[in-house]
Amino acid sequence: FPVTIYHQLGEFRAGQKENFFRIALDINKLPSYSKEVIVSVIYHEMLHAQMEYLFHQKAMPDHERMASEYLFIAVNSMRNQFQGMDEFTAKSLIFAGLKNTLIYQTDSENMNKQVRENMYEIESNYKNRKNGTYCN
């Protein structure tokens, strides 16, 4: 199925059968981005599936739960996949899909305007061929 939400690189949908999930990836945009961005999008959508399987309810919105409870797992997964990647770069790529969360939007010791700008620059560089590994 096609990605239906504008500006979204991936999309998760629960299937009609129990424990059957679908992940759609934007085949128009993703091929021009780095492998690192592609993998971060796949991890993001897989986390949606994992949370649907585990929690089945929306007591906490998925993105808030990802940012608060699953960020460490996603960052470490990125760093294991891309051996030379530092923690801040991995975090920047993961947060590319979590910008609507309170953790990202609220200023704190670890997240402020300068940090968000640095994260955005890293994300942009992995989308415009300044950093990362590309398929074509």
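At what angle do helix 3 and helix 5 pack, and how far apart are their axes? I began with this pair and found an angle of about 85°, with the axes 9 Å apart. The axes are lines fitted to C-alpha atoms, for helices over the stretch in contact, and angles run from 0 to 180 degrees between N-to-C directions. Helix 3 is therefore roughly perpendicular to helix 5; angles of 65 to 115 degrees carry that label, under 35 counts as roughly parallel, over 145 as roughly antiparallel, and the rest as oblique.

I note the basis of the entries. The model is predicted, local features need pLDDT of at least 70, side-chain atom pairs count only at pLDDT 80 or more, and totals for chains, interfaces and linings use all residues. Residues are numbered from 1 along each chain as its sequence is written, and side-chain values use heavy atoms, with hydrogens and water left out. Helices (H or I, at least four residues) and strands (E, at least two) are DSSP runs, numbered from the N terminus.

**Helix 3 with helix 5**

I listed the contact (heavy atoms within 4.5 Å). Helix 3 contributes Phe88, Thr89, Lys91, Ser92, Leu93 and Phe95, and helix 5 contributes Val115, Asn118, Met119, Ile122, Glu123 and Tyr126. By class, I recorded 7 nonpolar, 3 polar and 2 charged residues. In this scheme Ala, Val, Leu, Ile, Met, Phe, Trp, Tyr, Cys and Pro count as nonpolar, Asp, Glu, Lys and Arg as charged, and the others, Gly among them, as polar.

**Helix 2 with helix 3**

I then turned to helix 2 (residues 62–81) and helix 3 (residues 87–95), which pack at about 120° with axes 9 Å apart. The two helices are therefore oblique to each other. From helix 2 the contact takes Ala67, Leu71, Ala74, Val75, Met78 and Arg79; from helix 3 it takes Glu87, Ala90, Lys91, Leu93, Ile94 and Phe95. I found 9 nonpolar, no polar and 3 charged residues in the contact of helix 2 with helix 3.

**Helix 1 with helix 2**

The axes of helix 1 (residues 35–55) and helix 2 come within 10 Å and cross at roughly 135°. That makes helix 1 oblique to helix 2. I noted among the contact residues Tyr43, His44 and Leu47 of helix 1, and His63, Met66 and Tyr70 of helix 2. The class count for the contact of helix 1 with helix 2 is 10 nonpolar, 6 polar and 3 charged residues.

I looked up His44 in helix 1. His44 is buried at a relative accessible area of 13%, where buried means under 20%, exposed over 50% and partly exposed in between (1.4 Å probe, protein chains only). Leaving aside neighbours within four places in sequence, His44 is in contact with His63, Met66, Gly97 and Leu98.

**Nonpolar core**

A nonpolar core is a set of buried Ala, Val, Leu, Ile, Met, Phe, Trp, Tyr and Cys residues joined through side-chain atoms within 4.5 Å. The largest one has 30 residues, of which Leu30, Val37, Met78, Met85, Ile94 and Phe95 touch the most other members. Helix 1, helix 2, helix 3 and helix 5 are the elements that give two or more residues to this core. Beyond four places in sequence, I found Leu30 in contact with Leu9, Leu25, Val37, Ile38 and Val41.

**Two further residues**

I located Ile27 in the loop between strand 2 (21–25) and helix 1. Ile27 is exposed, with a relative accessible area of 70%. Asn125 lies in helix 5 (residues 113–127) and counts as buried at 14% relative accessibility.
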